[in-house]
Amino acid sequence: MTDLLEHPQSVTPPPPTIEKVSIIISRGSLEGIYPGLIMANGARMEGIDANLFFTFFGLDAINQAKHEHVKVATVGNPGLHLATWAGGLPGVSAVVTHKFAADMEKLDIPPIPEFVEMIADSGAGLYACKASVDMFGLTIDDFVPQVRDIITVGEFYGLAAGGQIIFT
Amino acid sequence: MTTTLETPVERDPEGFFVHPEQWTEAMAPDIARESGIGELTDRHWQVINFMRRAYLENGTAPSIRTLGKASGVPIKELYHLFPKGPAKLAAKIAGIPKPRGCI
């Protein structure tokens, strides 16, 4: 077939793909931790390189003493549509957390400790924020073995270079 | 999209089977090669067979969590066997439709 155009048509470049994501988890509630974990796992499932950087109360997700006890925030949480006074009653956070955990299990979403381990096994890098670690008086031994290192914000930017940064 | 495989089968633009019944084992190595996996070892087949069986039994592909727990191949090894996403890749090679899940 002859080309009727004077100049050959340039090939349409393939749509850009994301090659790497570095996700920050800064919150310590159940609903504050899960989105970052889902994003990291989802990235690995698409073959995208992923790093997870835990800071402030996000450290609870990788802290061996705390990672099984992450709760839903039931006070002052408009998304729950639960009156603040009701959310503050003893036991309410535990009940709501239990309900969420059961619902997620039905969808095959793992509890946080298992999820973190899965994400590490899929090849994502897990890091703790040095400033928060220092502030809370923690050491690397407080964290799950999958955590690669305690790093500074500058070192995080180095790891994240060339990819996308997602703040949660 | 028709395939480059010897027998004409219908696949979606990403290469997933539209009609899983059209798949045969002999097609798997070709599909794997398209995705950059040169050779299918016994471990690959263990995952592929599990995927297909789970899809035919449940009507949906298993999650990566279930894959890691029930296929006999742990997550770390899954990502070595199928870099770039074992849940999607194994589903494609096993001739089942593209899995749509966030886990």
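Residues are numbered from 1 along each chain as its sequence is written, and chains are lettered from A and ligands numbered from 1 in the order in which they are written.

The predictor assigns the complex an ipTM of 0.91 and a pTM of 0.91. Where pLDDT is low, predicted coordinates should not be read in detail.

Chain A contains six helices and five strands; helices (H or I, at least four residues) and strands (E, at least two) are DSSP runs, numbered from the N terminus. Read from the N terminus, the order of elements in chain A is β-α-β-α-α-α-β-α-β-α-β. The C-alpha trace of chain A extends about 80 × 35 × 25 Å along its principal axes. Its radius of gyration is 21 Å, whereas a compact globule of 168 residues would have a value near 15 Å. This radius is taken over C-alpha atoms, and the globule rule is 2.2 Å times the number of residues to the power 0.38.

Of the 168 residues of chain A, 30% are buried. A residue is buried if 20 or more other C-beta atoms lie within 10 Å of its own, exposed if 12 or fewer, and partly exposed in between, with C-beta atoms placed from the backbone. Residues at least 24 apart in sequence form 70% of the chain A contacts that join residues at least 6 apart; two residues are in contact if their C-beta atoms, placed from the backbone, lie within 7 Å.

Strand β3 (residues 125-129) of chain A is largely enclosed by the rest of the structure, because four of its five residues are buried. Strand β2 (residues 49-54) of chain A pairs with β3(A) in the parallel sense over four bridges, where pairing requires that DSSP finds at least two bridges between two strands. A:Phe54 has A:Ala128 of β3(A) as its bridge partner. β3(A) also runs parallel to strand β4 (residues 149-151) of chain A, to which three bridges join it. A:Cys129 stands opposite A:Ile151 of β4(A). Between β3(A) and β4(A) the chain passes through helix α5 (residues 130-136) of chain A, and this β-α-β crossover is right-handed; that is, with the strands pointing away from the viewer, the path from the first strand over the helix to the second runs clockwise.

Helix α3 (residues 92-106) of chain A includes A:Lys99. A:Lys99 counts as exposed, because it has 11 C-beta neighbours inside 10 Å. The C-alpha atom of A:Lys99 is separated by 39 Å from that of A:Gly154, 55 residues away along the chain.

Chain B has five helices and zero strands, in the order α-α-α-α-α from the N terminus. Its C-alpha atoms fill a box of roughly 35 × 30 × 20 Å along the principal axes. Buried residues account for 37% of chain B. In chain B, 55% of the contacts with a separation of 6 or more join residues 24 or more positions apart.

Helix α5 (residues 86-93) of chain B is largely enclosed by the rest of the structure, because eight of its eight residues are buried. Among them are B:Pro86, B:Lys88, B:Leu89, B:Lys92 and B:Ile93. The buried residues of α5(B) pack against α1, α2 (42-58), α3 (64-70) and α4 of chain B, together with α1 of chain A. B:Gly95, which follows α5(B), has a positive phi near 70°.

The contact between the chains takes 13 residues from chain A and 15 residues from chain B. On the chain A side, the elements that give two or more residues are α1 (30-45) and α4 (112-121). α1(A) gives the most, with four residues. By class, the chain A side divides into five nonpolar, five polar and three charged residues; Ala, Val, Leu, Ile, Met, Phe, Trp, Tyr, Cys and Pro count as nonpolar, Asp, Glu, Lys and Arg as charged, and the others, Gly among them, as polar.

Terms used
Predicted model: local features only at pLDDT ≥ 70, side-chain atom pairs only at ≥ 80, totals over all residues.
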